[in-house]
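Please keep the model in view while reading.

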Amino acid sequence: MRLTTLDNGLTVATDAMPSVESASVGLWVGVGTRHEKPSENGLAHLIEHMVFKGTAKRDAAAIAREIEDVGGHMNAYTSREQTAYYAKVLADDVPVAIDLISDIVQNSVFDPAELDRERAVIVQEIAQVNDTPDDVIFDHFQTAAFPDQGLGRPVLGTAEVVRSVPRQSLVDYVAQSYGADSCILSVAGRVDHDRVVELAAERFSAMPSKTTKTTDLGQYAGGEIRVERELEQLHVILGFRGTSFDDPDFYTLQVLSMIYGGGMSSRLFQEVREKRGLAYSIYSFTSAYLDDGLLGVYAGTGADEVGEVMPVICDQLRAIPDELDESELARAKIQLKSSLLMSRESTSARCEQLANHFLVHGRLPDLADIIENVEKVDPAAIRAMVERLLSAPPTLTAVGPTGTLESYDAIRARLS
């Protein structure tokens, strides 16, 4: 892996994979949903859509044709802290991918007619999520955990904002937030670092150096949101305050989540699905941010079964420190390590890992250091992490027939 900073502050990073025939190219921008004002919620995601709708020299059809003319594909995503524009191409076509990405990010025209059409598309996307309970519950989970702050607002935004946000707000947001100092151009595959730097210097020379963005500190609160709906299943998330990316206990939480509900051998899968047959889908997950984080457990179960599922979720977490054995801990560690190492076979994964790690830590990832941190996790660290999780109010969200779900206070009492 190699790293170069251009004169305007843009970081260029490459991860060479000489044995492959392709390359993944992406520009990661260190702004997302949490950097929006409440009146702008959904703006970052709307921009992500609109940059594909035409630039000063290419219309939407030309953008699509040029990447597919070389057999590649291009896409983008918005998260709470980042926006990414990326492509996968054959190694010889890396210049095409860099040229296209640089053009859409720097030269989009935000045509009013295209904007009106895309507003309607995103409103339909929001409606689709709202109609999908096992999607929308995660938005409710964020809102309950981080109320009245950027981390708690949905990435897609609200239909009201998407319909009404002025075009000029998109132009201003890009001008203020897409500065070179908050971006990284990441390339992984059969690439030459010096050539990538040369291309980046040519294509991104006009990018402004500085980013102006406002970030409110994450303030986990916990609490509950229940949405009563006529559904066949009750969708539930029970969660806790987790760790930020740079928390010393970040890897402890990753190992704990794997033990708790991270795979088919995990405690929750074995106890809830295999032994009791109470749910088809149950798993734990972590969400880390620059200054805070979450651990959550999702379960899709029946209204009659939830009365048994929730006590198991609570009891299994509390029991881990006293029942953890060496084989269970070792299995969780090897699952994490193998997942990391297997992902190294993918240009797309390596491109994204490189960009994410740099935006969070300001340096290239060190695989040996990551593996060492996973290996350091011991039973004492797991015990301390469980105690830490249980010391803050939990977050409970539910969508479906919620009448049989016990009260927030009753669930909180189970965890004490």
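## A helix over the sheet

Helix α8 (residues 193-203) lies across β1, β2 and β6, and runs at about 150° to β2. Contact means heavy atoms within 4.5 Å. Axes are lines fitted to C-alpha atoms, for helices over the stretch in contact, and angles run from 0 to 180 degrees between N-to-C directions. Helices (H or I, at least four residues) and strands (E, at least two) are DSSP runs, numbered from the N terminus.

This is a predicted model, in which local features need pLDDT of at least 70 and side-chain atom pairs count only at pLDDT 80 or more, while totals for chains, interfaces and linings use all residues. Residues are numbered from 1 along each chain as its sequence is written, and side-chain values use heavy atoms, leaving out hydrogens and water.

## The sheet

The open sheet has 6 strands in the order β1-β2-β6-β3-β5-β4, with mixed pairing. Two strands pair if DSSP finds at least two bridges between them. At the edges are β1 (2-5) and β4 (73-78), each pairing on one side only.

β1 pairs with β2 (residues 11-16) in the antiparallel sense over 4 bridges. Thr 4 stands opposite Val 12 in β2.

## Two packed helices

Helix α9 (residues 250-261) packs against helix α12 (residues 326-343) at an angle of about 110°, with the axes 9 Å apart. The two are therefore roughly perpendicular to each other (65 to 115 degrees).

Key: Angles under 35 degrees count as roughly parallel, over 145 as roughly antiparallel, 65 to 115 as roughly perpendicular and the rest as oblique.
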